[in-house]
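These are my notes from going through one chain, entry by entry.

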Amino acid sequence: QLQLVESGGGLVQPGGSLRLSCAASGFTLDNNAIAWFRQAPGKEREGVSCISSKGGNTNYKDSIKGRFTISRDNAKNTVYLQMNSLKPEDTAVYYCAATGTQYLGGYVCFTSPTPYNRWGQGTPVTVSS
């Protein structure tokens, strides 16, 4: 069964940190572009960050630049999202997604949902004092 499983979410105070993990089973992530999305209550899903399959190229939503870092460990078949200096507006369910195959030569990624056809179930993040 092809599956993505997110973990690492939880409740954290403003200014705190969390590291989200996205682990794949049934397929290998190494030729996939991977992205993190989030959806806050009452809001549309938005792209947060992505990482290409080759070269480690990344993109970030403007509001999280400098606070979040995406990385991948192909040996562990896992992608991470390190989130620092968290703010209440970061509260959302966070989803990871994979392109399923190599995307546009492998050196690019985008935070729009179109290229991604494998999705996890999400992990909730709540930033509150």
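How many disulfides does the structure hold? I looked for cysteine sulfur atoms within 2.5 Å of each other, which is the definition of a disulfide I use. The structure holds 2 disulfides.

Before going on, I note that this is a predicted model, in which local features need pLDDT of at least 70 and side-chain atom pairs count only at pLDDT 80 or more, while totals for chains, interfaces and linings use all residues. Residues are numbered from 1 along each chain as its sequence is written, and side-chain values use heavy atoms, with hydrogens and water left out.

**Disulfides**

I looked up Cys22 and found it joined to Cys96, S to S 2.1 Å. The link is right-handed, with 70° about the S-S bond. Cys22 lies in strand β3 and Cys96 in strand β9, so the pair ties together parts 74 residues apart in sequence. I take strands (E, at least two residues) as DSSP runs, numbered from the N terminus. Cys22 counts as buried, at 0% relative accessibility, and Cys96 is buried with a relative accessible area of 0%. For these terms I use under 20% relative accessible area for buried, over 50% for exposed and partly exposed in between, with a 1.4 Å probe and protein chains only.

The other entry is Cys50 to Cys109, S to S 2.1 Å. I read 75° about the S-S bond, and this link is right-handed. It connects distant parts of the chain, Cys50 in strand β5 and Cys109 in the loop between β9 and β10 (118-119), 59 residues apart. Both Cys50 and Cys109 are buried. Numbering the bonded cysteines in sequence order, I get the pairing 1-3, 2-4.

**Cores**

I searched for nonpolar cores, meaning sets of buried Ala, Val, Leu, Ile, Met, Phe, Trp, Tyr and Cys residues joined through side-chain atoms within 4.5 Å. The largest has 26 residues, and Trp36, Leu81, Met83 and Tyr94 have the most contacts inside it. Strands that each supply at least two residues of this core include β3 (18-25), β4 (34-39), β7 (68-73), β8 (78-83) and β9 (92-98). A second, separate core of 7 residues includes Phe37, Cys50, Cys109 and Tyr116.

I then listed contacts (heavy atoms within 4.5 Å). Neighbours within four places in sequence aside, Tyr94 touches Trp36, Leu81 and Met83, among others.

Where does Ser52 lie? I place Ser52 in the loop between β5 (46-51) and β6 (58-60). Ser52 counts as buried because its relative accessibility is 0%. Leaving out neighbours within four places, its contacts include Asn32, Arg72, Tyr107 and Cys109.

Gly42 is in the loop between β4 and β5. Gly42 is exposed, with a relative accessible area of 91%. I find 31 Å between the C-alpha atoms of Gly42 and Val108, which are 66 residues apart along the chain.

**Pocket**

Which residues lie nearest the centre of the largest pocket? Arg38, Lys43, Glu46, Glu89 and Asp90 do, among 16 lining residues. By class I note 4 nonpolar, 3 polar and 9 charged residues in the lining. Here Ala, Val, Leu, Ile, Met, Phe, Trp, Tyr, Cys and Pro count as nonpolar, Asp, Glu, Lys and Arg as charged, and the others, Gly among them, as polar. A pocket is an open set of points on a 1 Å grid over the protein atoms alone, where a 1.4 Å probe fits, with protein on both sides within 12 Å along at least five of seven lines; lining residues have an atom within 4 Å of a point.

Terms used:
Helices (H or I, at least four residues) and strands (E, at least two) are DSSP runs, numbered from the N terminus.
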